[in-house]
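Subject: Structure for your review

Dear colleague,

Please find below the structure that I am handing over to you.

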Amino acid sequence: MPFGKNKKPKVVSQTTRMKDRVAQYIARGDWSRALRALLILQEGAPRDMYIARKIGEMYQRMGRTKEAVEAYKNAAKLYAEEGFLYKAISVNKIILSLHPEDRDVAEALAALQASQTSRPMFDPEHEVAVE
């Protein structure tokens, strides 16, 4: 067996390679190339929350506030839809730091925070929800 005992050849997907490239661009401070690669990735995975948030970050780093806000809104929506409320709250706070007069985002943030405090916490020791 050419790959050794019980070892399989490592298959790296195109998506993984592209994400690695994005990381390299970001490490070099090449926001434009990172953004282009992220936009390509988003075409293949429009519901990927990480990609959506990174697109907002790249626009923000490039000083393109309007586009950053729109990308972050998409990320916040995806996080909320998938139940990642703390991340949705965090992204909404970023949006408000960029665009403080956005009433829709302020209202969405308030609603997320209210729903977060009204949800029961899970007690793993007793395996029940506690209120």
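**Confidence**

The protein chain has a mean pLDDT of 86, and 80% of its residues reach 70 or more. Among its elements, helix 3 (residues 49–61) has the highest mean pLDDT, at 97, whereas strand 2 (residues 128–130) has the lowest, at 45. Where pLDDT is low, the predicted coordinates should not be read in detail.

Of the 131 residues in the protein chain, 30% count as buried. The largest nonpolar core comprises 32 residues, and Val22, Leu38, Ile55 and Val91 have the most contacts inside it. At least two residues of this core come from each of helix 1, helix 2, helix 3, helix 4, helix 5 (85–98) and helix 6 (103–118). The most is given by helix 4, which supplies 8 residues. As a general point, nonpolar side chains tend to be buried together in soluble globular proteins.

Apart from its neighbours within four places in sequence, Ile55 touches Leu35, Leu38, Leu39, Gln42 and Ala71. As for contacts in the protein chain between residues at least 6 apart in sequence, 39% of them join residues at least 24 apart.

**Helix 2**

Which residues of helix 2 are buried? They are Ala34, Leu35, Ala37, Leu38 and Leu41. These residues cover an arc of only 165° around the axis, and therefore lie on the same side of helix 2. The buried residues of helix 2 pack against helix 1 and helix 3.

**Salt bridges**

A search of the whole structure gives 10 salt bridges. Side chains of opposite charge can pair when their charged atoms come close.

One of these pairs is Lys19 with Asp48, whose side chains meet at 3.6 Å, N to O. Because Lys19 lies in helix 1 (residues 14–28) and Asp48 in the loop between helix 2 (31–44) and helix 3, the pair ties together parts that are 29 residues apart in sequence. Lys19 is partly exposed, its relative accessible area being 31%.

Within helix 4 (residues 65–81), Lys73 and Glu70 are 3 residues apart, so about one helical turn separates them. They form a salt bridge in which the closest N and O atoms are 3.9 Å apart. Both ends count as partly exposed: Lys73 has a relative accessible area of 28%, and Glu70 is at 46% relative accessibility.

Asp30 and Arg33 also form a salt bridge, with 4.0 Å between the closest N and O atoms. Here Asp30 is partly exposed at 23% relative accessible area, and Arg33 is partly exposed at 41%. Finally, a network of salt bridges links Arg53, Lys54, Glu57 and Arg61.

With kind regards

Definitions and conventions
Residues are numbered from 1 along each chain as its sequence is written. Side-chain values use heavy atoms; hydrogens and water are left out. pLDDT is the predictor's confidence in each residue, from 0 to 100. Helices (H or I, at least four residues) and strands (E, at least two) are DSSP runs, numbered from the N terminus. Buried means under 20% relative accessible area, exposed over 50%, partly exposed in between (1.4 Å probe, protein chains only). A nonpolar core is a set of buried Ala, Val, Leu, Ile, Met, Phe, Trp, Tyr and Cys residues joined through side-chain atoms within 4.5 Å. Contact means heavy atoms within 4.5 Å. The arc is that of the directions from the helix axis to the C-beta atoms.
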